[in-house]
Amino acid sequence: MNLPRVSVVIDNYNYGRYLRQAVESALAQDYAGGIECVVSDDGSTDESREVIESFGGRVKAVLGPNRGPAAAFNAGFAAATGDIICLLDSDDYWAKDKISSIVPMFADPEVGAV
């Protein structure tokens, strides 16, 4: 069975102090399918960009001017290539089974959002 690819889109603005934990929680998922982590930075002026760069190729960086969280999510969404897109705020983090627990719900064609 082919598992869907999941994109995790993290929006960020000046939350460098939390961002590492958010990204690490996305990258540490126990999901057996492919995971893409997209960090959309909304013109941060703190250490956020350095945190994003520290992940190298494990994170797709979307860097833009400050236009607000909706614009950051939209830019990240546009850059995402997954079959399923999950949104994560940069000041939050997930349990390692978050993605593996929600993906099966999408097998029902009636389900569009979880």
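What share of the contacts in the chain with a separation of 6 or more comes from residues 24 or more positions apart? I looked this up and got 70%. Contact here means heavy atoms within 4.5 Å.

**Ground rules.** I am working on a predicted model, where local features need pLDDT of at least 70, side-chain atom pairs count only at pLDDT 80 or more, and totals for chains, interfaces and linings use all residues. Residues are numbered from 1 along each chain as its sequence is written, and side-chain values use heavy atoms, with hydrogens and water left out.

**Overall.** I counted four helices and four strands. Both are DSSP runs numbered from the N terminus (helices H or I, at least four residues; strands E, at least two). The order along the sequence is β-α-β-α-β-α-β-α. Buried residues account for 41% of the 114. Buried means under 20% relative accessible area, exposed over 50%, partly exposed in between (1.4 Å probe, protein chains only).

I traced an open sheet of four strands, order 3-2-1-4, with parallel pairing. Pairing requires at least two bridges found by DSSP. Strand 3 (60-64) and strand 4 (84-89) are the edges; each has a single partner strand, so one side of each lacks a neighbour in the sheet. From one strand to the next, the twist averages 20°. Angles run from 0 to 180 degrees between N-to-C directions, with axes fitted to C-alpha atoms, for helices over the stretch in contact. Five bridges join strand 2 (residues 35-42) to strand 3. I found V39 bridged to A61 of strand 3.

**Helices on the sheet.** Helix 1 (residues 16-27) touches strand 1 (6-12), strand 2 and strand 4, and its direction makes about 175° with that of strand 1. Helix 3 (residues 69-79) touches strand 1, strand 2, strand 3 and strand 4, at about 145° to strand 2. Which residues of helix 3 are buried? I list A71, A72, F73 and G76. The buried residues of helix 3 pack against strand 1, strand 2 and strand 4.

**F106.** I located F106 in the segment after helix 4 (98-102). F106 counts as partly exposed because its relative accessibility is 25%. Leaving out residues up to four places away in sequence, F106 touches I84, V111, G112, A113 and V114.
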